[in-house]
There are 2 protein chains.
Amino acid sequence: MSLPELDDFDRHLLTRMQADAHCKAETLAAEIGLSASAVQRRLKRLRERGVIQAEVAVLDPAVMGRGLTLIAGLTIGRDNYAALPRLRAWLAAEPAVQQAWYVTGEADLVALVLAPDMPAYDALCARLMAEVPQLSRITTQVVIEPLKRSLALPIA
Amino acid sequence: MSLPELDDFDRHLLTRMQADAHCKAETLAAEIGLSASAVQRRLKRLRERGVIQAEVAVLDPAVMGRGLTLIAGLTIGRDNYAALPRLRAWLAAEPAVQQAWYVTGEADLVALVLAPDMPAYDALCARLMAEVPQLSRITTQVVIEPLKRSLALPIA
DNA sequence: GCTGAAAGTGTGTTAAC
DNA sequence: GTTAACACACTTTCAGC
């Protein structure tokens, strides 16, 4: 994949689109000093090039009954490292796992889990431990309060 | 805030909108078996009620020069707990911090950081330690590979 | 209440410049 | 990149369920 060059207009557009992808091209155009047509053409190009990977709706977790957030560190025993693909697949398939990272550090994998409440999280862990027995440890950090929730990237 | 009741149509819409908020109402209508008008009306209501909090563009981190992801556990000494608001404000204001959670567990706060490379992350940590001296420890997990990246919630 | 269809409005798209 | 003509999507209205 070639790295597309972005000018200041693109950067302004991307900054704005990361905050609100629903707004009209005319609004964006007025803000960055461009015509609406130019804005749409640029947006189309950014989408086609894959700079804009998707536009998604962000929902209120409380309304959806997922008021509890947990950060789980997953550790596989040294002897069971072959089970890693299996664990990754499990995380990928589980809807309650919103995000997951394969890391180096204290744990092997870190997962961001959204649950209705603690019993539900307990049940999830039990299921995980049962279905991936090679998993040796789950260390959980309970989120008291989410401070920042976004997928936005800093724009240089 | 009253919890809005959602029917099956709403749930289908939300599921679809979490994956792609750019698609046309007519497309959604055909998929869930409703007229385009009804879909638009429902979407408007879901936005007004705050069920849909935002629609945002998701960018490619590689293209934006943020290929490195890190998970930082931040610990404040027992004596310096009054510095917590200051630390929270710092994280909120720092663009490289994409997500942050106030947690109970090994650390006091967990931050998801996006950096161009390790030197940049080092510089960020140095700046943080300098500007919030009450911070006693930063434990970093380096992300080898992101497995899942989304803000989508499971729809019951 | 909510839906579906048609009319009306505004936006996204395309072509010429 | 801008402007203008065009096509299409969204909005509103209204009748009906």
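Hi everyone, let's start with A:Pro146, which sits in strand 5 (residues 135-148) of chain A. Strands here are DSSP runs of E, at least two residues, and helices are H or I runs of at least four, numbered from the N terminus. A quick note on the source: this is a predicted model, where local features need pLDDT of at least 70 and side-chain atom pairs count only at pLDDT 80 or more, while totals for chains, interfaces and linings use all residues. Residues are numbered from 1 along each chain as its sequence is written, chains are lettered from A in the order in which they are written, and side-chain values use heavy atoms, without hydrogens and water.

So what does A:Pro146 touch, leaving aside neighbours within four places in sequence? The contacts of A:Pro146 are B:Ala100 and B:Trp101, with contact meaning heavy atoms within 4.5 Å.

On to the whole interface. In chain A, 67 residues are in contact with 68 residues of chain B. Two salt bridges cross between the chains, by the rule of a Lys or Arg side-chain nitrogen within 4 Å of an Asp or Glu carboxyl oxygen. B:Arg88 and A:Glu145 form a salt bridge through their side chains, at 3.1 Å, N to O.
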